[in-house]
Amino acid sequence: MDPTHLHLLLNHVPTVGFGIGIALFALSLGTRSHHLKQASLVVFVIVALMSIPTYATGNAAQNLLQERGEVSDGTTEAMVTLTLIETHEGAAFLALGLMELTGALSWLALWQLRRRANISTGMSGGILLLSLVTMALMANAANIGGMINHPEIRGAEEVTTFAGHLGRTVGDYVRDTPWTWIAAETLHFVGLSMLVGVILLIDLRMLGFMPQLPFKALDRLLPWAMLGFALNVFTGMLFFAAAFGQYTNNPAFFWKLVFVLLAGFNTLYFTFDDTWAMEPGRDAPALSKAAAVGAMFFWVGVMYWGSMLPFIGNAF
Amino acid sequence: MQLAMTVFSVVLGVTIVLAIFGILIDRSAASDERNEGR
């Protein structure tokens with residue numbers, strides 16, 4: 001299976017999955033169900049994670065179409081135009097940004113739900129509003145994406161959205177202004193330090209090191225790790241938009257994404273782990289220890305494949 | 001030199017904004033713990 005097939009497979013997840021998430025979240029607000037709210041927030045986080053490879057594989061599909069000569073300059077109606085592809089990319093770029101924001105807020109709400117009876121009305125309202133806007137943007141991106149693959153729904157007129165060619169605008173700006181790439185690269189390392197620093201500390205405690213450290217105190221550090229992850233997703237989006245050609249056919253990037261997803265799901269598991277409620281001095285259960293080993297392996301994997309981008313693949 | 005200053009300013013600015021977010025979340029968590037203790 002190549003990245004193009006993956007894009008065709010994954011591109012249903014953001015719209016269908018997010019639709020399910022919104023329905024569950026609205027139902028949880030109506031029924032005041034704690035479990036439904038948790039389930040809907042988990043769906044938002046999972047869809048936000050899955051949207052990353054969905055977006056990245058889209059540019060791989062574009063590359064393939066261009067290599068095959070199936071992208072026209074707009075003079076032949078039967079072929080896909082580069083303008084249509086870049087309009088789809090722009091709409092998807094904006095939707096992905098808001099999707100990641102919704103995912104990060106949903107994770108924060110999940111974390112708060114574990115620590116107290118409910119989340120604030122402001123947080124619930126914010127997530128609902130953000131998810132509805134994201135859904136509208138994602139549905140628009142999906143609709144334009146459908147036109148690329150289905151000539152039967154493609155009209156003669158040029159499709160435009162208010163996002164324009166946002167992916168290209170941002171990407172070209174990052175590529176052409178020296179400070180943006182360097183600043184994003186530095187911030188990527190700041191985010192990585194926040195993320196891995198906190199995760200490693202928690203994993204070591206789970207494995208039995210520093211038994212005097214209460215789990216409850218470490219739990220307070222988790223949002224710092226999430227802030228680091230969010231920073232890295234947004235700076236990562238800038239790198240990808242600026243030079244997607246060096247990532248789409250890069251095996252190191254493919255494996256980096258796989259490890260990001262595995263590490264993301266691992267973090268989601270830890271959000272619900274019972275160990276957080278344990279008293280200081282107690283030993284974590286075997287399953288939590290196994291998850292901690294998994295977390296270390298996955299995050300080191302993310303760093304390893306990130307470092308290997310220029311050496312195994314064709315980046316930089 | 002100007003490039004280095006620009007990059008430094010942007011990185012510092014974003015890091016400060018991130019730190020403010022982190023502190024606000026932590027203060028909210030501390031408040032929850034105090035309420036739980038009552």
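Let's start with one residue. A:Leu65 is partly exposed, because 17 other C-beta atoms lie within 10 Å, and a buried residue needs 20 or more. Keep in mind that this is a predicted model.

Where does A:Leu65 lie? In helix H3 of chain A, residues 34–67. Leaving out residues up to four places away in sequence, A:Leu65 touches A:Glu70, A:Val71 and A:Val80. A:Leu82 is 17 residues from A:Leu65 in sequence, and the C-alpha atoms of the two are 9.8 Å apart.

Now the whole of chain A. We have 12 helices and 2 strands. Along the sequence the order runs α-α-α-β-β-α-α-α-α-α-α-α-α-α. The radius of gyration is 21 Å; a compact globule of 316 residues would have one near 20 Å, so the two agree. The C-alpha box is roughly 70 × 50 × 35 Å along the principal axes. Of the 316 residues, 43% count as buried. Take the contacts with a separation of 6 or more: 81% of them join residues 24 or more positions apart.

Next, the core. The largest nonpolar core has 79 residues. Those touching the most other members are A:Ala91, A:Ala95, A:Val198, A:Ile199, A:Ala225, A:Met226 and A:Ala241. Helix H9 of chain A, residues 222–242, gives the most to this core: 15 residues. Look at A:Met226. Beyond four places in sequence, A:Met226 touches A:Ala104, A:Trp107 and A:Leu108.

Last, chain B. How many residues of chain B are in contact with chain A? There are 14, and they meet 15 residues of chain A. The chain B side is made up of 9 nonpolar, 3 polar and 2 charged residues.

How values were computed. Residues are numbered from 1 along each chain as its sequence is written. Chains are lettered from A and ligands numbered from 1 in the order in which they are written. This is a predicted model: local features need pLDDT of at least 70, side-chain atom pairs count only at pLDDT 80 or more; totals for chains, interfaces and linings use all residues. A nonpolar core is a set of buried Ala, Val, Leu, Ile, Met, Phe, Trp, Tyr and Cys residues joined through C-beta atoms within 7 Å. A residue is buried if 20 or more other C-beta atoms lie within 10 Å of its own, exposed if 12 or fewer, and partly exposed in between; C-beta atoms are placed from the backbone. Helices (H or I, at least four residues) and strands (E, at least two) are DSSP runs, numbered from the N terminus. Two residues are in contact if their C-beta atoms, placed from the backbone, lie within 7 Å. Ala, Val, Leu, Ile, Met, Phe, Trp, Tyr, Cys and Pro count as nonpolar, Asp, Glu, Lys and Arg as charged, and the others, Gly among them, as polar. The radius of gyration is taken over C-alpha atoms; the globule rule is 2.2 Å times the number of residues to the power 0.38.
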